[in-house]
Amino acid sequence: MELEDEEWELCNDDGFVYKRKRRRIDPPSAAAETAGAEADQEKRRRERKKQTLLKLKAKYEKEIREWELLSNTLRSMQQHKALQLQPQPNQNPSLPSTSTSSSGGSLLHDLLLQVEAQEAIIRDISNLCDVAEGVCFKREQQFKQSLFDLPIWASPLELMQVLCDD
């Protein structure tokens with residue numbers, strides 16, 4: 001009789017009491033299946049996380065390279081302008097001029113050189129702005145395309161398939 005009682009269990013379902021046969025759960029296989037499924041989920045989650053981080057890393061590395069290129073371009077322009085602004089060896093601004101007309105001419109010449117140098121600097125900065133604007137435009141286009149590539153714009157059937165895949 002005891003063997004018979006071990007095979008049955010009492011169940012209480014909202015006041016309705018009944019007997020049912022005990023379910024035999026094979027602990028090693030059930031635990032292994034559950035652990036295997038959890039391990040697969042964890043593995044897929046880690047793989048997705050790894051892929052996302054690799055994409056993010058590539059994106060930032062590309063952005064860093066672009067900023068380094070802009071920085072190096074600006075630095076080279078500044079060095080080039082500094083070399084242009086240095087006085088020529090045959091010109092000696094410390095020597096006093098002998099006549100007032102020649103001193104006025106050299107002053108005018110110096111002012112014209114300064115204006116030309118400023119114009120070149122403004123032109124270089126304008127070029128840098130054009131490059132930066134081009135980079136921003138390209139990034140904006142990529143961002144817009146990523147939004148257009150979202151599955152929400154697909155047909156309802158494709159959208160449901162994408163939503164059900166995860």
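A pocket is an open set of points on a 1 Å grid over the protein atoms alone, where a 1.4 Å probe fits, with protein on both sides within 12 Å along at least five of seven lines; lining residues have an atom within 4 Å of a point. The model is predicted, so local features need pLDDT of at least 70 and side-chain atom pairs pLDDT 80 or more, while totals for chains, interfaces and linings use all residues. Residues are numbered from 1 along each chain as its sequence is written, and side-chain values use heavy atoms, without hydrogens and water.

The second largest pocket holds about 190 Å³ of space, a volume being the space filled by probe spheres set on the points. Its lining includes Lys59, Glu63, Arg139 and Phe143. Helices H2 (27–85) and H3 each give two or more residues to this lining; helices are DSSP runs (H or I) of at least four residues, and strands (E) of at least two.

Helix H3 spans residues 100–148 and contains Phe148. This residue is exposed, at 56% relative accessibility (buried is under 20%, exposed over 50%, partly exposed in between, with a 1.4 Å probe and protein chains only).

Six salt bridges occur in the structure, each a side-chain nitrogen of Lys or Arg within 4 Å of a carboxyl oxygen of Asp or Glu. In one, Glu9 pairs with Arg20 at 3.0 Å between the closest N and O atoms. Because Glu9 lies in strand E1 (residues 8–13) and Arg20 in strand E2 (residues 16–21), the pair ties together parts eleven residues apart in sequence.

Within helix H2, Arg46 and Glu42 are four residues apart, about one turn, and their side chains meet in a salt bridge at 3.3 Å, N to O. Shared partners join Glu42, Arg45 and Arg46 into one network.
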